[in-house]
Amino acid sequence: MYNRFINRQSRAAVIVAIDSSISMQEWTMLHDTRMRKKDAAALITNFIVDELIIRSTRIGNIRDYYDIGVVQYSGNGIEPIIADEDEGMIHINALHNARPQPVCYNITHREEDGIQNTIPITLHEWVKPKACGIAPMYEALTHIKNLVAMWCDDRFNKNSFPPIVINITDGCCSDAEEEELLDMAKEIQSIGTNNGTTLFFNIQLTDDRSEYCKSTLFPSMNSDIDLDNDGRTLYNMSSTLPEEMERFIKEMTGDKCNGPYKGFARNCSICEILTFTDIGTEGCN
């Protein structure tokens, strides 16, 4: 299982869900930079989409490695931001041809000696920051479950790398209890291709003054990790990463603990977010 790498014969679906509720107006820390959670969520999403386009580019041409979907959930309901009207997702080569204007983000980077440098990062603005109303996470996950099921039911995707779902949120949910969220996450993770079931990742953005603001990436289930109540729910919702990925996770994170690992991250840096786009890409052709 999970032994098919992402390429033209074994494509993958990547779906990003963005919490755009009013709580995302609060401040967080991302890459040593203080910013609104809504800005961090938009930056992460824009980075992921741009990176997937880069990884699909070979000799100046875009190869059809991915179907991409991005949805925001807020007081305005579920809003597809990157999607085809009929399919709910869009081929990455079509996405490349519809690139929006780029924007520049100034990110702080702290060197090992403690010196901070400001690094400009230019990304296409696929998603604009937003924060309003409630956080209908359960409704968003129900929508995503349907997208995943539709994609996996397509006969052309039966032998592909399984879908990857990334939920970016502070953890607030206004339309379900914890057990309901856990059950829905399990339902999403039960859907898959002949190569494995859907991988469900959560990226939590915590308050910048919180004691739980420390950066965390793919924690080992054998290690202690301090989590607030929302973080614990997101952690439990996240996929337990398959054994086939444990060597990759150890190499990418430098983790000295043994697996299994959880598909959970908190306030991780831009460099660490790269590992999300590395999943399944070895051997692309």
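I began with two helices, α4 and α5, which are roughly parallel to each other, a label used for angles under 35 degrees, while over 145 counts as roughly antiparallel, 65 to 115 as roughly perpendicular and the rest as oblique. I note that this is a predicted model, in which local features need pLDDT of at least 70 and side-chain atom pairs count only at pLDDT 80 or more, while totals for chains, interfaces and linings use all residues. Residues are numbered from 1 along each chain as its sequence is written, and side-chain values use heavy atoms, with hydrogens and water left out.

**Entry on α4 and α5**

I looked up the geometry and found that the axes of α4 (residues 178-189) and α5 (residues 229-237) come within 9 Å and cross at roughly 25°; the axes are lines fitted to C-alpha atoms, for helices over the stretch in contact, and angles run from 0 to 180 degrees between N-to-C directions. Helices here are DSSP runs of H or I with at least four residues, strands are runs of E with at least two, and both are numbered from the N terminus.

For contacts (heavy atoms within 4.5 Å), I listed Glu 178, Leu 181, Leu 182, Ala 185 and Gln 189 in α4 against Thr 233, Asn 236 and Met 237 in α5. I then checked which residues of α5 are buried, that is, under 20% relative accessible area, with exposed over 50% and partly exposed in between, for a 1.4 Å probe and protein chains only. They are Gly 231, Thr 233, Leu 234, Tyr 235 and Met 237, and their cover includes α3 (137-153), β11 (164-169), α4, β14 (199-204) and β16 (264-266).

**Entry on α3 and α4**

I turned next to α3, which packs against α4 at an angle of about 15° with the axes 10 Å apart, and which passes α4 in a left-handed crossing. On the α3 side I noted Met 137, Tyr 138, Leu 141, Thr 142, Ile 144 and Lys 145, and on the α4 side Glu 180, Leu 181, Met 184, Glu 187 and Ile 188.

**Entry on strand β6**

How many residues of β6 are buried? I found nine of nine along residues 66-74, with Tyr 66, Ile 68, Val 70, Gln 72 and Ser 74 on one side and Asp 67, Gly 69, Val 71 and Tyr 73 on the other.

I followed the pairing (at least two DSSP bridges between two strands) and saw that β1 (residues 12-19) runs parallel to β6 and is joined to it by eight bridges, with Ala 17 opposite Val 71. β7 (residues 77-82) pairs with β6 in the antiparallel sense over five bridges, Pro 80 is the partner of Val 71 there, and two residues lie between the two strands of this hairpin. β8 (residues 90-91) is also antiparallel to β6, over two bridges, with His 91 opposite Asp 67.

**Entry on two single residues**

I checked Ser 74 in β6, which counts as buried at 1% relative accessibility; leaving aside neighbours within four places in sequence, its contacts include Ser 20, Glu 79, Lys 130 and Cys 132.

Gln 101, in the loop between α2 (92-96) and β9 (102-110), is exposed at 64% relative accessible area. Not counting residues up to four places away in sequence, I found Gln 101 touching Leu 123, His 124 and Glu 125.

Definitions and conventions:
A crossing is left-handed if the near helix is turned anticlockwise from the far one by less than a right angle, and right-handed if clockwise.
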